[in-house]
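Take a look at the model below. Start with the whole chain, then move to its parts and its ligand.

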Amino acid sequence: MSDYILEIENLTKDFPGVRALENVSLKIKKGEIHSICGENGAGKSTLMSCISGVYPVGSFEGKVIYKGNEIKYHSVKDSEKEGLAIIHQELALSPYLSIYENIFLGHMDTKLGIINWDKYLNESRKYLKTVGLNEHPETIVSKLGVGKQQLVEIARALSKKTELLILDEPTSSLNDDESEKLLNLMLELKKQGITLVMISHKLNEVLKVADTVTILRDGKSISVYDVKADNLTEQMIIKDMVGRILTHRFPERNSSPEETVMEVKNWTVYHPEYHNIKIVDNVSFFLRKSEILAFCGPMGAGRTELMMSLFGHSYGFRSEGELKIKGKNYILKSPRMAIDSGLGYISEDRKNLGLILIQDIKTNITHSSLNKISKFGIIDNQKEIRETERFRKDLNIRTPSINQYVRNLSGGNQQKVAVSKTLMANPDIFIVDEPTRGIDVGAKTEIYGIMNNIIAAGKSVIMVSSELPEALGMADRIYVMNEGKIKGVLNREEASQEKIMHMALVG
Ligand SMILES: Nc1ncnc2c1ncn2[C@@H]1O[C@H](COP(=O)(O)OP(=O)(O)OP(=O)(O)O)[C@@H](O)[C@H]1O
Ligand SMILES: [Mg+2]
């Protein structure tokens, strides 16, 4: 038997107008953790979809050999039967079913048409234990955070006797703690003999767990490294991903914030279902002109809920407190009112970025700014194209055409369209929630550059970020939240990772 569980030879995959993969070859050793790195749109997810039957045999060229045989999958079901499982970038559980139903959905035995639910309920406990998920198996999945849903997906894969487990950006929506746990779980599964493939933009995590790293660029396999033997570093990965050396991850800027433009006082937000629970508790802060503020804190600290409630009451049963924009009091009852008052919001939620997936890029970017591309109520098509092309170039949105459906873009490129849409609307105050989630290193720097341009133009940015280096590299001041409260605030000069963590926990 060969040392390799999977061998890809000269795989080429075309979509109308795009060659997503060209002659890609890649070998995965039995029992290793193999990472695949590459910029947004490099072809990582597409490659995994070809292997796992999402794209059926015949829809791509080349050869894939799994456990010694050439694969001929017509659907994901076929690959699952052979012990190959994939956990996609966007999680795919049934939100209204319980944990254990999700684990066994689609592969339960029936006796005379009857399912023995108790048996599965019991069996699910075993898998929950393996993945370290401490929840009752009858809990409805939509009540779980993303991190825990991720674990349910892995439990589901394990219940199918998976030998090769593919994880597409598994930690992109997790906080540091959850990520750490997941990486440890991956190492544990490896010990049990499972082979793992991890796609990730978090290069530090890649170096922590991977044995081998393959780098894709523009649909081609560029290089393969043995992490230990080659002494692989982040810089080496980046160089092959981007094709050049990236020196400054955070562009330089002279920070000089001016007068206060927004003030929030004693802001309290109540849970949408449990009306007396405070999700945000008596929070006060201010934002100045030409300032970038970061909000840090652990998952569940209430940062997103705070921002959404400020943005036209988009979260919560009720909120109370005072919101002042440029000295004037506001009660914003809807996102529309928030936009009209000069606020813009980019959501952290990939699936719900406010994009219309079945519309093209151009329509998505311009649709909340039609006044900017119209004259006398008529859309100026040339201007619409010019403006959209500008964003495509500035943010390096990978696509053959701005008429492409957003649905067909890679995950990171969808995020770039969402960012462009808010930039186009050009608000005075940008609220961005995890703006660089799932975005590759090069494009991150581009987005930071754009944030600097925003404040140079006299506008302001509020950034919710789970990546402390990003907050430290970009923000003028950092508010630290935990348990719905602001625990403290740090200036750019005094802030450090340790201080932020200490403040979140101790206050
Ligand atoms: N269904 C589709 N129709 C047309 N083009 C597609 C389709 N799916 C993917 N593409 C294109 O194929 C290329 C590779 O996309 P893919 O999703 O594999 O990238 P990725 O490496 O996973 O990127 P990311 O890091 O952003 O997730 C991109 O140019 C993308 O626009
Ligand atoms: Mg992808």
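This report covers the overall fold, the domains and the ligand site.

## Overall fold

This is a predicted model. The protein chain holds 16 helices and 24 strands. Its radius of gyration is 24 Å, close to the 23 Å that the globule rule gives for 507 residues, so the chain is as compact as a globular protein of that length. Along the principal axes, its C-alpha atoms fill a box of roughly 70 × 50 × 50 Å.

How many of the 507 residues count as buried? The share is 44%. Now take the contacts between residues at least 6 apart in sequence: 68% of them join residues at least 24 apart.

## Domains

## Ligand site

Ligand 1 is surrounded by 20 residues. The closest are N40, S45, T46, S410 and G412. By type, the shell has five nonpolar, 13 polar and two charged residues.

Where does the shell come from? Domain 1 (4-242) and domain 3 (356-426) each give at least three residues. Strand β2 (18-29), helix α1 (44-51) and helix α13 (411-425) each supply at least two.

Notes. Residues are numbered from 1 along each chain as its sequence is written. Chains are lettered from A and ligands numbered from 1 in the order in which they are written. This is a predicted model: local features need pLDDT of at least 70, side-chain atom pairs count only at pLDDT 80 or more; totals for chains, interfaces and linings use all residues. A residue is near a molecule or strand if its C-beta atom, placed from the backbone, lies within 6 Å of it. Helices (H or I, at least four residues) and strands (E, at least two) are DSSP runs, numbered from the N terminus. Ala, Val, Leu, Ile, Met, Phe, Trp, Tyr, Cys and Pro count as nonpolar, Asp, Glu, Lys and Arg as charged, and the others, Gly among them, as polar. Domain bounds come from an automatic or database domain assignment. The radius of gyration is taken over C-alpha atoms; the globule rule is 2.2 Å times the number of residues to the power 0.38. A residue is buried if 20 or more other C-beta atoms lie within 10 Å of its own, exposed if 12 or fewer, and partly exposed in between; C-beta atoms are placed from the backbone. Two residues are in contact if their C-beta atoms, placed from the backbone, lie within 7 Å.
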